[in-house]
Amino acid sequence: MNVAASLSSIATVRFPNCHRCFRSSKTLIPSSSLRIISQFSSSPSASSAPPMSSNTVAVESKKPPKQPWLIVGLGNPGKKYHSTRHNVGFEMVDAIAEAEGISLSSVSFKALVGKGLIGDVPVIFAKPQTFMNKSGESVGSIVSYYKIPLKQVLVIFDDLDLPFAKLRLLPKGGHGGHNGMRSVIDHFKGSRDFPRLRIGIGRPPGKMDPVNFVLRPFTKQELEELNFTFQDGVEAVRILLLEGFNKSATFVNSAKPLEQCG
């Protein structure tokens, strides 16, 4: 049946008392025609959308953006201190950033800074340029500006009390006599509740003053050994950001020394 032809033949005359017709815009449509229209409107078509179930979500809610991690290496600026024991935190940050393709090429908050992603996690790398004893000025400013929770601030630094090239990842703790960490804790209003990755530099030989020892450069052999430590650090940070602290701590703290082939 041609519905359009049927409808065009309907008179546009108003019958106020007619109860068998549908009245709209002065057009009277007999109930028989309504049944035909109803059949066509209820039939499926390619353009009609399927009915929405009660469990269907009309608009997918967007996940809130992830808060960034701050990865800080402690050290002293300038060529004079390059590759010294006290700057091994800088060296580790450089190794991690390079592995992730992130350049620390900008200067802000008194630090060399680089931003990027590890997996889908935003990360900020920082090397404070304030000299070690004032590291907290830089780190505290970054944390405050980006509103980074302290549980997502990893501070990497040298440790005299760990065997050379040994790593130790802890969820919190004191400064252990390290002036850079003391400054960071002071600028965190005394809070010690932030993770830290300690890198062992060994004890000074004989009666050497520890202050002089930490400013000594690494030997060529020590630098070669540290490369393995840096590789472990890269993997540890990836696990930390993508899988959580516990898995990363298990990886770091139970790692066995690598046997080097002669």
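User: How much space lies in the largest pocket?

Analyst: Quick caveat: this is a predicted model, where local features need pLDDT of at least 70, side-chain atom pairs count only at pLDDT 80 or more, and totals for chains, interfaces and linings use all residues. Residues are numbered from 1 along each chain as its sequence is written, and side-chain values use heavy atoms, without hydrogens or water. A pocket here is an open set of points on a 1 Å grid over the protein atoms alone where a 1.4 Å probe fits, with protein on both sides within 12 Å along at least five of seven lines. With volume taken as the space filled by probe spheres set on the points, the largest one comes to about 490 Å³.

User: Which residues lining the largest pocket are closest to its centre?

Analyst: Lining residues have an atom within 4 Å of a point. There are 25 of them, and the closest to the centre are His86, Leu160, Gly177, His178 and Asn179.

User: Is histidine 86 buried or exposed?

Analyst: Buried means under 20% relative accessible area, exposed over 50%, and partly exposed in between (1.4 Å probe, protein chains only). Histidine 86 has a relative accessible area of 14%, so it's buried.

User: Which side chain makes a polar contact with the side chain of histidine 86?

Analyst: A polar contact is a pair of N or O atoms within 3.5 Å; within protein, one must be able to donate a hydrogen and the other to accept it, and residues adjacent in sequence count only if both atoms are side-chain atoms. At 2.9 Å, the partner of histidine 86 is aspartate 158.
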